Amino acid sequence: QVQLVESGGGLVQAGGSLRLSCAASGSIFSINVMRWYRQAPGKQRELVAAITSGSSTNYADFVRGRFTISRDNAKNTVYLQMNSLKPEDTAVYYCNAIISGAAYLTLPYWGQGTQVTVSS
């Protein structure tokens, strides 16, 4: 069984920084793309950033230049460095990964989410 566990959320003032981590564990053969999403109260979940197994990255326009996604393949972990945080970045941040596990079955997995709150 595969599990994604996020950490690193919290409360920060506008202009501050946080670093989120998401570690995958369990029966893992390979991890393809890893993504961070976020969902603010009353809004739909939206894609924040993505990184492929070859470390190609893609960002939503609203975070480009402020957030950096990276991964450590040896640790099956993806990170999201968030700088210059704004109150509108307040949301629950979710990790998502496409993982090949037992019997080479490839499925999407989600973490439980971590709260990020930015005060003005």
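Reply: Let's start with strand β5, which is joined to strand β6 (residues 57–59) by three bridges, the two running antiparallel. Before going on, some housekeeping: this is a predicted model, where local features need pLDDT of at least 70 and side-chain atom pairs count only at pLDDT 80 or more, while totals for chains, interfaces and linings use all residues. Residues are numbered from 1 along each chain as its sequence is written, and side-chain values use heavy atoms, with hydrogens and water left out.

Two of them count as paired if DSSP finds at least two bridges between them.

Back to β5 and β6. Across this pairing, Ile 51 stands opposite Thr 57 in β6. The two strands make a hairpin with five residues between them, and Ser 55 sits in that loop. Ser 55 is worth a look: its phi is positive, about 70°, although Ser 55 is not a glycine. Most residues other than glycine have a negative phi. With 41% relative accessibility, Ser 55 is partly exposed (buried means under 20% relative accessible area, exposed over 50%, partly exposed in between, with a 1.4 Å probe and protein chains only).

Strand β5 has another partner too. β4 (residues 30–39) pairs with β5 (residues 46–51) in the antiparallel sense, over five bridges. Here Tyr 37 stands opposite Leu 47 in β5. This hairpin has six residues between its strands, and Gly 42 has a positive phi, near 80°.

Asn 76 lies in the loop between β7 (67–72) and β8 (77–82), and its relative accessible area of 24% makes it partly exposed.

Now the charges. A salt bridge here is a side-chain nitrogen of Lys or Arg within 4 Å of a carboxyl oxygen of Asp or Glu, and by that rule there are four of them. One of these links Glu 46 with Arg 38, at 2.8 Å from N to O. Glu 46 is partly exposed at 30%, whereas Arg 38 is buried at 6%.

Then there's Arg 64 with Asp 61, at 2.4 Å from N to O. Asp 61 is exposed, with a relative accessible area of 64%, and Arg 64 is partly exposed at 44%.

Asp 89 and Arg 66 also meet in a salt bridge, at 2.7 Å from N to O. Asp 89 is in the loop between β8 and β9 (91–100) and Arg 66 is in the loop between β6 and β7, so this pair ties together parts that are 23 residues apart in sequence. Both ends are out of the solvent by the cut-off: Asp 89 is buried at 0%, and Arg 66 is buried at 12%. Salt bridges that share partners join Arg 38, Glu 46, Arg 66 and Asp 89 into one network.

Methods:
Helix = DSSP H or I, 4+ residues; strand = E, 2+ residues; numbered from the N terminus.
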